[in-house]
Amino acid sequence: MSLFRQSRAYLFATFANAALSLALLPFATKILGPDDFGTYGFVLAVVTFMSGFADAGVGILLAEHYPASTPAERRNLLTTVAASSVLASAVLALTISVAWQPLGSLFEADHLMPELGLALACVGMPFRTFSSVSTTAFILQRRSAAAAYALLSQAGIGFSVTLVSLFVFDAGMISLFVGNAAGVVVGASVALIALRRDLSVLPTSRWIRELLRVAPSAATAGLMEGMRPLVETQSILRGDGTAGVGIFNHARLYYGFLMQVVNSVGYALWPLALQEARNRVDDFRRVGRVWNGVYFLLTAAGVALAFFAPEFIDVLTHGKFEAASLWAPVLVAYLLLQNSGKAATAILYASMKGAL
């Protein structure tokens, strides 16, 4: 219970973020349809795929070394991984911008991409990367409130800017890109302010060498995970066009809402899981009890979506995305599989074998 008291601010922020994302749907789908969300989803799939290269072992290195390091070592470590990942993300964003014409032709989707939308998605990439690094650092520091402030600011700004763009400036589909970019920029800025005393001036060679040690495995894993939504999106795009992509990505929204909640629990448990993995004294009893509860709730959510998703989605989206009800329970089942093996993962990280 003490663990969740420490993490309750971040858990609350996660639920609030999911609630805002859900609340946006009736407003956005009043104006936008499956084709609009399909184009937006395709752009994000490309960005996610390219962002897989930017991870470069950040999560592995922080989990392996941050808890046991001195304050000075922590500052150098966090600075090194943050600077490296943000720089890599910025280079990848520039690559997408420059290479989009041949890349879009390869995927037979160059005619779909709004130039302003592409630019906004690329601008947001380094900020999103820094937000990811900062969240990991906050969780390892057990600074639930700081993580919550960053997440709530990102969610609130994204929600507000999207609505203003839609209904005041009549920006249409571009409103989704504007809201997304504004949210990640503000969220990353809040995180940077909160971490200002935890960063040093420059990266250090020691941590760069450590990062290079785990980078190949981490980049490969990130690439493969990022490739999945791109392959899914491209396959549906060829068969059902942008409207089909929009329907599938709408189903992924519910998967994303549940994943946010599950990730918040995972973040809250991560320091304890690493501690229990190092001690090996209680066979993950405390961590296991919580995850069993999460698995039960995910199963209940999947069953509920299997029975009631058509009616729920019909009301929420003005009848435009009801076909997404076929995908929603399947994606919840995937989420269950995706979050298995937590104890084994913690043992690998605690044993300095996170790259495996």
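The model is predicted, with local features requiring pLDDT of at least 70 and side-chain atom pairs counting only at pLDDT 80 or more, while totals for chains, interfaces and linings use all residues. Residues are numbered from 1 along each chain as its sequence is written, and side-chain values use heavy atoms, with hydrogens and water left out.

A nonpolar core is here a set of buried Ala, Val, Leu, Ile, Met, Phe, Trp, Tyr and Cys residues joined through side-chain atoms within 4.5 Å, where buried means under 20% relative accessible area with a 1.4 Å probe and protein chains only. The largest such core holds 67 residues, and M125, F177 and V287 touch the most other members. Helix α8 (residues 205–279; helices are DSSP runs of H or I, at least four residues) gives the most to this core, with 17 residues. Apart from it lies another core of 32 residues, including L78 and F138.

The structure also holds 2 cavities of 30 Å³ or more, a cavity being a set of points on a 1 Å grid over the protein atoms alone where a 1.4 Å probe fits but cannot get out, and a volume being the space filled by probe spheres set on the points. M125 is one of the residues lining the second largest cavity, with lining residues having an atom within 4 Å of a point.

| Property of the second largest cavity | Value |
|---|---|
| Volume | about 40 Å³ |
| Residues from α5 (the most) | 4 residues |
| Nonpolar lining | 5 residues |

Key. Buried means under 20% relative accessible area, exposed over 50%, partly exposed in between (1.4 Å probe, protein chains only). Helices (H or I, at least four residues) and strands (E, at least two) are DSSP runs, numbered from the N terminus. On a 1 Å grid over the protein atoms alone, a cavity is a set of points where a 1.4 Å probe fits but cannot get out, and a pocket is an open set with protein on both sides within 12 Å along at least five of seven lines; lining residues have an atom within 4 Å of a point. Ala, Val, Leu, Ile, Met, Phe, Trp, Tyr, Cys and Pro count as nonpolar, Asp, Glu, Lys and Arg as charged, and the others, Gly among them, as polar.
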